[in-house]
Every structure is written in structure tokens, then in C-alpha cells.
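Take a look at the picture first, then follow the points below.

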Amino acid sequence: MNNVITGSFGQQSNTIPAIESPYNEASDLLHDAIANQFKEDKNPLESIFFPVKEQKLVTAEGVEIDSHKSIVRLDNNESIGIVGTDYKLVENEVLYSEFQEAIAKSDIKTDGMITKVNTSHNGARSYVDFIFPEYSTVVDSPVLNDTMRLKITVRNSYNGSSPFHSEVSADRLVCLNGMVIADRFATSYGKHTKHLDIKYAADKLRIAAENYQQNVAKWQEYSKINVDLDQAIAIIEKVNKSEKVQAEILKQFRIETKSLGFTKWALFNALTFYSSHMHSTRTRSSFNVPSAIVNKEKEVRTAINSKQWEALQVA
């Protein structure tokens with residue numbers, strides 16, 4: 001069956017643009033429970049192993065479009081991507097299964113490994129978090145048991161928006177923030193290929209674990225570095241140009257200082273709270289929160305790679 005289109009085939013009708021609105025603390029947990037849709041079942045990856053196939057595109061008048069094709073979910077017969085004809089379709093089951101094999105062949109300690117699966121854009125984008133409790137570290141801060149865990153996030157897309165890609169970060173158990181790493185270890189496998197180079201990926205994963213340990217050492221120092229309000233504002237302004245967004249992050253920084261003091265650690269947690277939890281009502285209702293998190297983590301990474309951030313040191 002061909003997909004019939006009546007408008008511009010370059011636009012994705014299932015993508016709802018996000019708009020910024022003040023963060024609503026009261027409804028955060030409810031919205032996250034609905035929007036994130038994390039699955040921690042016995043075989044969590046099965047939720048993204050739905051069958052897909054390529055289909056030709058034709059106009060309403062029956063004219064075939066040679067330059068593009070549609071990627072269709074066969075379990076609901078819905079198009080989840082319009083891609084160029086050179087796009088090579090590789091199913092999630094192949095890529096994620098081979099990535100799991102790479103984890104098994106690396107030196108990473110996998111005892112108690114947690115797998116969390118999420119999707120956006122009707123399954124066109126998939127996000128898998130592999131969390132490793134064996135790499136739990138307590139950061140020295142006023143918060144009791146301020147524990148960090150190694151997390152490797154892998155994502156793939158069926159709409160050409162992202163290649164198969166992985167990056168290392170951490171999650172903070174106190175508030176479930178995704179802790180962004182400035183010099184992120186990221187492996188982008190480029191255009192879709194039939195198989196993942198498992199040995200190459202396993203070698204990169206070993207480096208990822210080392211990179212994580214280096215960042216933990218940095219985080220330990222953050223709680224010892226004092227930050228005044230002007231310094232915090234200067235960093236926040238680098239995250240997003242919206243004054244409304246800046247005001248919300250500054251508000252969160254003030255909240256963090258109540259338990260963490262006016263420190264670089266408090267500012268860092270305010271920034272990662274923004275990327276993990278501050279999403280507009282429209283973004284939440286469209287079930288595209290995972291995609292928004294990826295974009296906001298890029299904003300945070302820009303800020304913590306700035307000269308101003310590096311200038312915040314122990315006096």
C-alpha cells in the first residue's frame with residue numbers, strides 16, 4: 001500500500017512544536033508519569049521492536065514521488081517518517097540487540113543493570129537508558145546520599161532525525177536529573193548501516209566508563225566552589241535566550257541553594273533540572289518529552305563548556 005500525501009512531504013504532521021511556558025511544579029510528577037512512559041518490564045526493549053517497512057509515496061493525484069519514501073509501522077499502519085530514497089532502513093531490534101552484545105563484551109560491570117525505554121513522535125524516535133548501579137558514587141554535598149550512577153543513553157530514529165547514537169552521562173537519585181557531561185563521550189555511527197561494529201562499540205564503551213569516573217571527580221569539586229547570584233545569572237543566560245526560561249532556571253537555582261548552598265553543584269543541578277523536568281504543557285501533552293530533553297541537554301552542555309563556567313573555581 002502506498003502512502004498518499006496531500007501537502008508538503010517535507011513536513012511531519014505528528015510533530016508538535018514546543019512552546020516555553022512556566023514550569024508547573026504541582027503537576028510535574030503526574031505529567032512525567034504520563035509523558036515519559038518508561039517501561040521497566042522483563043524485556044523492556046520489546047516495546048520498540050515493532051515491525052516497520054518502506055512504502056512508496058504518491059500524491060493525491062496518483063503521481064509517485066521518486067525522491068522520498070515513507071517508513072511505516074506495521075502494527076498500526078501509520079507512517080512515522082518521510083525520508084530520502086538513500087535512507088537505509090535498519091530495525092531497532094538489530095541495532096539495540098547488537099549494542100547490548102557490545103555492552104556484554106566490554107569491561108563495564110553490568111550487575112543489576114537497569115534498562116529504561118522511551119519513545120517520541122509515535123515511535124519514530126527511540127531512547128534507551130542503560131543504568132549501571134555498579135558505578136554508583138556519592139557526591140560530597142549537604143544532601144544525604146547524593147548518589148550518581150553511570151548512564152549510557154542510546155537513541156535511534158526512523159524519520160532521519162538522528163543516526164544511531166550513544167552518549168555517557170549520569171542520573172542523580174535524589175531528583176532523577178540527567179546529569180549532563182560537558183566533554184561528553186558520544187559515538188555517532190553516522191548513516192544507518194546493516195550492522196553495528198560490535199568490537200568498536202565495546203572499545204568505546206570502555207572509554208565511556210573512564211570518562212564517567214573523570215566527571216565524578218569534577219562533580220566532587222563542585223560542592224566546594226562558591227557561586228554568587230551574578231555568576232549564576234551569567235551562566236543561566238548562556239543556556240537559553242528566553243527571559244521566561246532564564247527566570248525559571250534562576251528560581252530552581254534558589255531552590256537548590258536551600259539544601260546545597262550557593263555552590264557550583266547547586267547551579268549544576270538547577271541546569272540539569274531544567275533539561276530533565278522543565279517542559280511546556282504542549283510538549284508534555286504531545287508525548288515528545290524525550291526529544292525535548294535531548295535538545296535541552298545540548299543547551300546545558302553549551303553553558304558548562306563556556307569560559308564562564310570553567311572560571312568558577314575554588315577561591
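Just after helix H5, Gly 261 adopts a positive phi of about 75 degrees. Keep in mind that this is a predicted model. The protein has 9 helices and 10 strands, and buried residues account for 51% of its 315 residues. Among contacts between residues at least 6 apart in sequence, 65% link residues at least 24 apart.

**Helix H5 on its own**

- H5 is built from 18 residues and spans 25 Å from its first C-alpha to its last, close to the 26 Å expected at 1.5 Å a residue.
- Which residues of H5 are buried? They are Val 245, Gln 246, Glu 248, Ile 249, Leu 250, Gln 252, Phe 253, Glu 256, Thr 257 and Leu 260.
- The cover over these buried residues includes strand S8 (165–172), H4 and helix H6 (264–277).

**How to describe a packed pair**

- Two packed helices are described by the angle between their axes and the distance between those axes.

**H5 with H4**

- Helix H4 covers residues 229–239 and H5 covers residues 243–260; their axes come within 10 Å and cross at roughly 140 degrees.
- H4 and H5 are therefore oblique to each other, and their crossing is right-handed.
- On the H4 side, the contact is made by Leu 229, Ala 232, Ile 233, Ile 236, Glu 237 and Val 239, which meet Gln 246, Ile 249, Leu 250, Phe 253 and Arg 254 of H5.
- Sorted by class, the residues of the contact of H4 with H5 are 8 nonpolar, 1 polar and 2 charged.

**A closer look at Ala 232**

- Ala 232 sits in helix H4.
- Is Ala 232 buried or exposed? Its relative accessibility is 0%, so Ala 232 counts as buried.
- Leaving aside residues up to four places away in sequence, Ala 232 touches Val 227, Phe 253 and Leu 267.
- Ala 232 and Phe 253 are 21 residues apart in sequence, and their C-alpha atoms are 8.1 Å apart in space.

**H5 with H6**

- H5 also packs with H6, at an angle of about 135 degrees and with the axes 8 Å apart.
- That angle makes H5 oblique to H6, and the crossing of this pair is right-handed.
- From H5, the residues Val 245, Ile 249, Gln 252, Phe 253, Glu 256, Thr 257 and Leu 260 take part. Their partners in H6 are Trp 265, Ala 266, Leu 267, Asn 269, Ala 270, Leu 271, Phe 273 and Tyr 274.
- The contact of H5 with H6 contains 11 nonpolar, 3 polar and 1 charged residues.
- Look for Phe 253 in your view: this residue of H5 meets H4 and also meets H6.

**Another pair: H2 with H3**

- Helix H2 (residues 92–105) and helix H3 (residues 198–222) have axes that come within 8 Å and cross at roughly 55 degrees.
- H2 and H3 are therefore oblique to each other, with a right-handed crossing.
- H2 contributes Glu 98, Phe 99, Glu 101, Ala 102, Ile 103 and Lys 105 to the contact, while H3 contributes Ile 198, Ala 201, Ala 202, Leu 205 and Arg 206.
- The residues in the contact of H2 with H3 comprise 7 nonpolar, no polar and 4 charged.

Note on methods. Residues numbered from 1 in each chain as written. Predicted model: local features only at pLDDT ≥ 70, side-chain atom pairs only at ≥ 80, totals over all residues. Heavy atoms only, no water. Axes fitted to C-alpha atoms, helices over the stretch in contact; angles between N-to-C directions. Helix = DSSP H or I, 4+ residues; strand = E, 2+ residues; numbered from the N terminus. Parallel < 35°, antiparallel > 145°, perpendicular 65-115°, else oblique. Left-handed = near helix turned anticlockwise from the far one by under 90°. Contact = heavy atoms within 4.5 Å. Nonpolar A, V, L, I, M, F, W, Y, C, P; charged D, E, K, R; others polar. Expected span 1.5 Å × (residues − 1). Buried < 20%, exposed > 50% of the residue type's maximum accessible area, 1.4 Å probe, protein only.
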